[in-house]
Number of protein chains: 2
Amino acid sequence: MKRSSAPTLLDVARRAGVSTATVSRALNDPALVTDSTRELVLRAVDQLGYTPHFGGRALVSNRFDTIGAVIPTMDNAIFARGLQAFQETLSDAGVTLLVASSGYDAARELQQIRTLVGRGTDGLMLIGMARPAESYAFLDRRRIPYVLTWNYRCDRKECFVGFDNRQAARAMAHKVIEHGHRRIAMIAGITAGNDRASDRVDGVRAALEEAGMSGRRMPIVEETYSLSGGRRALAALLERRPRPTAVICGNDVLAVGAISEAKALGLRVPDDVSITGFDDIELSEVTEPRLTTVHVPHRRMGEAAARALLAMRDGTTDRQGIELEASVVERESLGAPS
Amino acid sequence: MKRSSAPTLLDVARRAGVSTATVSRALNDPALVTDSTRELVLRAVDQLGYTPHFGGRALVSNRFDTIGAVIPTMDNAIFARGLQAFQETLSDAGVTLLVASSGYDAARELQQIRTLVGRGTDGLMLIGMARPAESYAFLDRRRIPYVLTWNYRCDRKECFVGFDNRQAARAMAHKVIEHGHRRIAMIAGITAGNDRASDRVDGVRAALEEAGMSGRRMPIVEETYSLSGGRRALAALLERRPRPTAVICGNDVLAVGAISEAKALGLRVPDDVSITGFDDIELSEVTEPRLTTVHVPHRRMGEAAARALLAMRDGTTDRQGIELEASVVERESLGAPS
DNA sequence: TTGTACGCGTTATCAG
DNA sequence: CTGATAACGCGTACAA
């Protein structure tokens with residue numbers, strides 16, 4: 001019992017007693033046909049429940065009205081939030097969103113890029129810049145418009161829509177130093193293949209150097225994006241002698257894990273140890289104490305990325321970077337050293 | 001000067017010195033060609049950076065290898081998590097994911113469903129069951145396979161992949177009663193047009209009735225999915241006399257907001273007031289005290305939904321519900337009344 | 001204003 | 001095992 005396939009333009013044409021060309025015109029550019037024939041066509045369309053076949057249309061027009069995004073994972077709230085804004089902006093422009101995830105794996109990312117491009121995308125949103133030359137080569141050869149987000153580098157030609165992770169981390173470190181801390185340690189995300197994570201480390205190191213300390217010798221632990229990672233890392237850092245008085249974390253999840261470990265160890269935050277985050281996700285407002293962190297404009301970033309992509313697709317704009325602000329928001333987890 | 005568009009099968013064929021048919025075979029069913037010609041083809045593909053044109057393929061095969069999801073919003077961590085698992089499962093099957101969001105608005109959901117269907121989807125994942133008959137009518141007429149998730153009803157014919165919100169909430173309420181509470185209140189999500197939220201309310205009411213209390217008279221406040229909503233709601237509930245000794249929340253975000261308000265009011269949780277959640281998101285493990293909540297298998301739900309859809313598309317299975325377990329996880333925010 | 005006819009890139013059928 | 005060729009559904013010159 002093979003399902004009757006969907007009605008085609010020809011079916012509509014026959015029913016309305018006109019040619020397929022007329023139907024196509026009545027649907028795509030109504031001004032080109034008389035009111036009466038349009039009426040006829042529309043009724044036939046309605047009766048048959050006709051919808052244009054996407055494949056046929058894409059084949060001839062070579063436009064897909066589709067834009068893709070490859071992100072590490074939606075499990076991470078910051079990407080989910082950015083993606084939501086991205087999708088909304090696209091939807092308002094009549095474009096649908098294709099989503100793929102890389103799981104922070106460059107090879108998998110390239111594979112997903114290939115799939116999306118093959119599936120027909122008018123543009124692509126990617127996270128960060130650390131990826132093999134092969135991936136860029138593919139993108140360039142296929143001449144697919146793409147934007148890189150979640151980071152910003154003034155020295156790169158690619159179209160970045162994001163904020164300067166290095167500068168933001170540097171600002172946070174300066175703030176910590178301002179509070180009088182000298183024994184500063186860091187819990188970073190995994191930096192391999194992740195420019196956001198490594199830029200944040202670089203920023204903190206730069207700030208230490210600027211204040212006359214050694215960035216190179218700063219105690220640092222890398223951990224995966226998880227509460228337990230933050231807990232483990234803090235425990236390890238606190239074994240050090242002299243003990244750090246402030247721990248700068250590469251993201252909020254690590255920071256919250258660190259806070260919970262500090263409390264479990266009987267330490268007061270920030271009196272015994274200061275802890276800072278990065279991202280400003282919801283989590284950071286419900287910890288006790290609330291987290292001093294870097295606010296990242298995830299939604300605005302997603303919107304801006306969508307708009308940039310749309311403009312590139314329409315040829316309105318050439319690729320051109322957009323830098324957004326990420327600034328320190330002071331709450332209670334950073335204080336003076338005891 | 002816009003000459004080179006994407007390379008086609010013909011380009012590859014010419015470069016490899018074979019026919020287009022051979023290229024197609026080498027790519028889709030490698031066993032059908034000799035090793036040497038396959039080698040030739042693959043090299044040409046690689047040199048040209050060829051990717052199959054989706055439109056052409058969809059046109060002839062009438063398969064899109066695309067499945068869509070319409071969710072309220074990715075901002076909500078529970079949907080993001082489920083969607084991630086959904087996407088991964090799809091990707092493993094060579095299917096890409098189209099995402100649209102409804103913002104909890106039924107009209108907008110239908111519009112998005114229309115877009116996705118018109119765009120060519122082999123199936124659709126939707127959240128919950130509360131939507132106008134019009135939406136179901138459209139789906140049925142277009143004969144699009146779809147699954148309803150995040151809820152489960154044994155009395156409905158649609159394919160549900162989810163858990164029974166009502167029963168889970170009922171179990172939680174029974175647990176609260178077991179701890180000795182008699183003055184129980186509830187902070188619910190907005191129930192209008194949201195069957196998950198209203199089923200949770202129903203479940204709690206049922207449990208109260210079963211324990212000889214009035215479900216109808218239970219103090220209840222509805223609030224939007226936000227920390228501040230939880231705060232507001234708890235403040236309002238605590239004005240009541242006699243004051244409730246336990247507050248059951250419709251989700252974790254509301255519960256965490258409620259906890260933070262309780263503490264701000266100088267109340268101890270659970271000594272002065274017990275608070276429970278629903279969802280078991282990451283947030284629930286970092287509050288002080290940790291949240292007693294209902295664990296929902298978001299990832300497994302996303303996976304199961306994807307598999308069900310894939311099976312329906314392939315005609316392997318007819319629509320058939322899949323019920324998952326959601327069970328109470330006891331932590332520290334629920335105690336005995338003082 | 002409307003119809004005819006072709007081509008878009010791919011897969012499938014049928015010969016060789 | 002491989003090649004020629006006919007669909008697939010649609011948009012659009014071009015002709016009427």
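Predicted model: local features only at pLDDT ≥ 70, side-chain atom pairs only at ≥ 80, totals over all residues.
Residues are numbered from 1 along each chain as its sequence is written, while chains are lettered from A and ligands numbered from 1 in the order in which they are written. Chain B can be laid on chain A with an RMSD of 1.3 Å. An open sheet of twelve strands includes strands of chain A and chain B.

**Symmetry**

- Two copies of a chain are related by a rotation about an axis and a shift along it.
- The superposition is by least squares on the C-alpha atoms of residues with pLDDT of at least 70 in both copies.
- Gly55(B) comes closest to the rotation axis of the residues of chain B, with its C-alpha at 1.8 Å.

**Where the chains meet**

- Contact joins 45 residues of chain B to 46 residues of chain A. Two residues are in contact if their C-beta atoms, placed from the backbone, lie within 7 Å.
- On chain B, the elements that give two or more residues to this side are α4, α5 (77–92), β2 (96–101), α6 (106–118) and α11 (252–264). Helices (H or I, at least four residues) and strands (E, at least two) are DSSP runs, numbered from the N terminus.
- The largest share, eight residues, comes from α5(B).
- By class, the side of chain B that touches chain A has 19 nonpolar, 16 polar and ten charged residues. Ala, Val, Leu, Ile, Met, Phe, Trp, Tyr, Cys and Pro count as nonpolar, Asp, Glu, Lys and Arg as charged, and the others, Gly among them, as polar.
- The copies meet through the same surface, because 93% of the interface residues of chain B are also interface residues in chain A.

**The shared sheet**

- The twelve strands run in the order β11(A)-β5(A)-β4(A)-β3(A)-β1(A)-β2(A)-β2(B)-β1(B)-β3(B)-β4(B)-β5(B)-β11(B), with mixed pairing. Two strands pair if DSSP finds at least two bridges between them.
- The edge strands are β11 (322–323) of chain A and β11 (322–323) of chain B, and each pairs on one side only.
- Strand β2 (residues 96–101) of chain A pairs with β2(B) in the antiparallel sense over three bridges. Leu98(A) has Leu98(B) as its bridge partner, and Val99(A) stands opposite Leu97(B).
- β2(B) also pairs with strand β1 (residues 66–71) of chain B, in the parallel sense over six bridges. Ile71(B) stands opposite Ser101(B) there.
- β1(B), α5(B) and β2(B) form a right-handed β-α-β unit. Right-handed means that, with the strands pointing away from the viewer, the path from the first strand over the helix to the second runs clockwise.
- Six of the six residues of β2(B) are buried, so this strand is largely enclosed by the rest of the structure. A residue is buried if 20 or more other C-beta atoms, placed from the backbone, lie within 10 Å of its own.
- Thr96(B), Leu98(B) and Ala100(B) point one way from β2(B), and Leu97(B), Val99(B) and Ser101(B) the other way.

- Strand β8 (residues 246–249) of chain A pairs in the parallel sense with strand β6 (residues 184–189) of chain A over four bridges. Ile187(A) stands opposite Cys249(A).
- β8(A) also pairs in the parallel sense with strand β9 (residues 274–276) of chain A, over three bridges. The chain crosses between these two through helix α11 (residues 252–264) of chain A, in a right-handed β-α-β crossover.
- Both faces of β8(A) are covered, with Ala246(A) and Ile248(A) buried on one side and Val247(A) and Cys249(A) on the other.

**The DNA strands**

- Around DNA strand C lie 25 residues, and Ala21(A), Val33(A), Leu9(B), His53(B) and Gly56(B) come nearest. A residue is near a strand if its C-beta atom, placed from the backbone, lies within 6 Å of it.
- α2 (20–28) and α4 (54–61) of both chain A and chain B each give two or more residues to this surface. The largest share, five residues, comes from α4(B).
- DNA strand D is surrounded by 26 residues, the closest being Leu9(A), His53(A), Gly56(A), Ala21(B) and Val33(B).
- The surface near DNA strand D has eleven nonpolar, 13 polar and two charged residues.

Technical notes:
Buried ≥ 20, exposed ≤ 12 C-beta atoms within 10 Å, placed from the backbone.
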